[in-house]
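Open the model in your viewer and keep the selection tool at hand. This tour goes stop by stop.

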Amino acid sequence: MTVAETEPSVRRLILVGGVVQGVGFRPFVHTLATDLGLAGLVANGPTGARIEIEGPGRSVTRFCRRLLTDAPALAEISTVETAELPPTGGTGFTITSTTTGAGSTMVPPDTATCDACLAELADSEDRRHRHPFITCTGCGPRFTVTTSMPYDRSATTMAGFPLCGDCATEYTCPSDRRFHAQPVACWSCGPRLRLTGPRSCEDRAALVEARRLLAAGAVVAVKGLGGYHLICDATAPRTVAELRRRKGRGSKPFAVMVADTETASLLGHVGPAERSVLSGRERPIVLIRRRSSSPLADQVCPRCPDVGVMLPYTPVHHLLLGLPGDTAGPVALVVTSGNVSGEPLVTEDGEALSRLRGLADAWLWHDRSISVACDDSVVRVRADGSVLPLRRSRGFVPSRIRLPVPVRPVLAVGGDLKNTLCLAEGESAWLSGHVGDMGSPSGTQALERADCHLRILTGVAPALVAADRHPGYRSAAWAHRYGRPVQLVQHHHAHVVSAMTEHCVREPVLGVAFDGTGYGDDGAVWGGEILHAGLSGFRRLAHLAYVPLPGGDAAVRNPYRMALSHLRSAGIAWTGDLPCAAAAGDHELNLLEKQLQRGVQCVPTSSMGRLFDAVSSLAGLCHRVDHEAQAAVELEAAALAVGEVDSGYPFRLDRPADLLTAVVADLRAGAPSQVIAARFHVAVADAVRAACLTARRHTGVSKVVLTGGVFANRLLDRLCDTTLNEAGFTVLRHSVVPPGDGGLSLGQAVIAARIGND
């Protein structure tokens, strides 16, 4: 008789919290228990996974240890609670579900099709050969198909597709890769793929026709995981130009999709870090430096040094790009959001046919509904290999963000641009996918849908709503209609706390918050701020000197207006040799002079984003914009083209006149715009260093946060990080949420929930 046979049995209750649904966790537990000869059950429930495990004490201990060390790759265990139960003497191990109880757990983000599924997709002998919805426990849709909790097939948009016999066998077999994979499907059980257009067809024929249309220069609306995309041949100039015209895109860059990292390297510079991010399971759009020899049409990313590249993340993408043996098609596809610019992503099939009419030539869609919109994520890889998120959405949401302090249940509604929501409770926060701009009724509808979905998944019932202090924000107006107490939060304080939260920092920091627009406590437009900030309060230590913002949005759309405003504030005449004056013309110069003299529609601003606009125009680079940050991006591109410069311009935040005088002197001396751009970037980094040194002397704080949309600029981000580190500061930069308004709601949630608690 063995020791195990003589050892008394124990039965243990194990409650596991975190991302343990939709990741193959229950099949993993079943296999582990069976391997160890243990009895019991595992169930999905509102709080995560409930396990009852029974057998010899040492085997149960081994089970508990391996539960943590051997968990599936997609699982994220945040809590484990145990309790002893009386043994029942049962045999065998079962998988079940429970819908009783209260609490919160999470499904994982949608993930890219795994290698095992891709092998089956390309295998002509496999029953899922070319199946556009192939998936398993390790890949595929999760967040965008889940309609309620706990996570089971009946709680997803797959509920209307009964499993065929073969799929049901796989689903119930513990040793199968698709054991309890909720989105599992095949050609027999659906969903069905359809093409609507000049020629309507289904399934395999639909994909063949879609590839033919793309090769012939058509624009095809394709239903993805989190919404519709507009797709076309990225190497065809006329096609890309036509898509740009139809979408009202202006010159804003398009993202492109290619089959693999080798093809991506033909488009731009792909180092080991970029290669890893491109091919990771999140599959974001990665901004890489464009090659001059790229086969892309110039219309893909005009006047932009970067191109946004992603690899296929669904079976449909792989099939559109072509499997081995397929007729050659476009080497790269434009893949852009299915909407008119400025509107939310289209997710409903009927809506796609109406809202995308005139934009698309054909529709490739299917009959599985999308539970919530989820746009593609966008990131940049820094020189040190770290990732800077610019849009955090598909592949990353709804991953839990750990908070540095516990908070009461709160919903934060973000801003009006690049909107995201945040739900938080205890030491956990969850962000929605990218909602977008709030300038239309459809934007509000998207906000409401994201809120409802996130509350269902997390189980958080907010007792408080946080919003921006801007009196004109639609998101704040929506917060006031929500039916809960509203706490207004200052914009730049929220930016700083979002970065503090990422790094689990509790103690006060020096916050460098640079962006384009944020409502200030004095009614001015802030955006060039040095703050001494904690989790529930801040003090403004320094800021960029105020200048008038002539005409509000008109100054944002026309950077030459900001250049002229800055010149006037610096006492520099508007002479005809200055590019910004030439761009305005005599008539507008006269009108603008009168406007500035009288102060009509000239709210003061300390915005660093607007200073970037001003210098971009002053250097002759960009006088008018049709998308956000265009002038600043072109200024950064010029600076990167020249490389290192010996020194920057003289610049103090409270005295920008010295900077502007030096820029004008360089212009009149014939300095190239690239040199002016490079010296300006160095000047801003030097000014940040000087301001932080002064702040450290007054506060004793040596930890600096770099935040705000201006720090999407990789050159400024690197220069500030380098010069501050050299001065002995600890520098915290964003790597979880965007530095811009896409990360605003995280900071709002923490601040609002902490006010009155510290």
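This is a predicted model: local features need pLDDT of at least 70, side-chain atom pairs count only at pLDDT 80 or more; totals for chains, interfaces and linings use all residues.

Select V512, L564, M608, F612, F651, F680 and V684. In the largest nonpolar core, which has 70 residues, these touch the most other members. Now show helix 21, residues 673-699. Helix 21 gives this core its largest share, 13 residues.

**F651.** Centre on F651 and show its contacts. Leaving out residues up to four places away in sequence, F651 touches L544, L611, P656, L659, A683, V684 and A687.

**Helix 20.** Select residues 656-668. How far apart are the end C-alpha atoms of helix 20? They are 19 Å apart. With 13 residues at 1.5 Å a residue, the helix should span 18 Å, so the two values agree. Next, colour its buried residues: P656, L659, L660, A662, V663, V664 and D666. Their cover includes helix 16 (559-569), helix 18 (608-618) and helix 21. Step past the end of helix 20 to G670, where phi is positive, near 85 degrees.

**R561.** Return to helix 16 and pick R561, which sits in that helix. Is R561 buried or exposed? Its relative accessible area is 13%, under the 20% cut-off, so R561 counts as buried. Show what surrounds the residue. Beyond its neighbours within four places in sequence, R561 contacts P550, G551, A554, A555, E588, L592 and Q595.

Key:
Residues are numbered from 1 along each chain as its sequence is written. Side-chain values use heavy atoms; hydrogens and water are left out. A nonpolar core is a set of buried Ala, Val, Leu, Ile, Met, Phe, Trp, Tyr and Cys residues joined through side-chain atoms within 4.5 Å. Buried means under 20% relative accessible area, exposed over 50%, partly exposed in between (1.4 Å probe, protein chains only). Helices (H or I, at least four residues) and strands (E, at least two) are DSSP runs, numbered from the N terminus. Contact means heavy atoms within 4.5 Å. The expected span of a helix is 1.5 Å times one less than its number of residues.
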